[in-house]
Amino acid sequence: SPRTPVGAEECVRQGIFSSLAPANMRLRHGLVSERTAEPAYALLFDPQTSGGLLASVPAANADACVDALRAVGCQSATVIGTVEGAADPKGGGLVMCE
């Protein structure tokens, strides 16, 4: 399971969000995921946690990327999922993530 800042998921459960989170959450309608009900999902759209949180790396390079990040002090670096394919068969720029 993804690592989240201490107390962040509890804030989500209590409905506590930053002032900019609602504007960012409008983008969630373009994503397809079975995990949208999890408190950590909402944190993807919180501007306090999203800066620098995610990076897309080819699967073949993922382990080396995590190792390199950890080597320079980013001990919480981890692989959190994969891009499986287009949610819209015509393209559309949307992706389904696991």
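What share of the contacts in the chain between residues at least 6 apart in sequence join residues at least 24 apart? I looked this up and found 43%, with contact meaning heavy atoms within 4.5 Å.

I note that this is a predicted model, in which local features need pLDDT of at least 70 and side-chain atom pairs count only at pLDDT 80 or more, while totals for chains, interfaces and linings use all residues. Residues are numbered from 1 along each chain as its sequence is written, and side-chain values use heavy atoms, with hydrogens and water left out.

I then read the secondary structure as DSSP runs numbered from the N terminus (helices H or I, at least four residues; strands E, at least two), and found five helices and two strands in the order α-α-α-α-α-β-β.

For burial (buried under 20% relative accessible area, exposed over 50%, partly exposed in between; 1.4 Å probe, protein chains only), I recorded that 15% of the 98 residues are buried.

I searched for salt bridges (a side-chain nitrogen of Lys or Arg within 4 Å of a carboxyl oxygen of Asp or Glu) and found one. Glutamate 10 and arginine 13 meet in a salt bridge at 3.4 Å, N to O; being three residues apart in helix 1, they are separated by about one helical turn.
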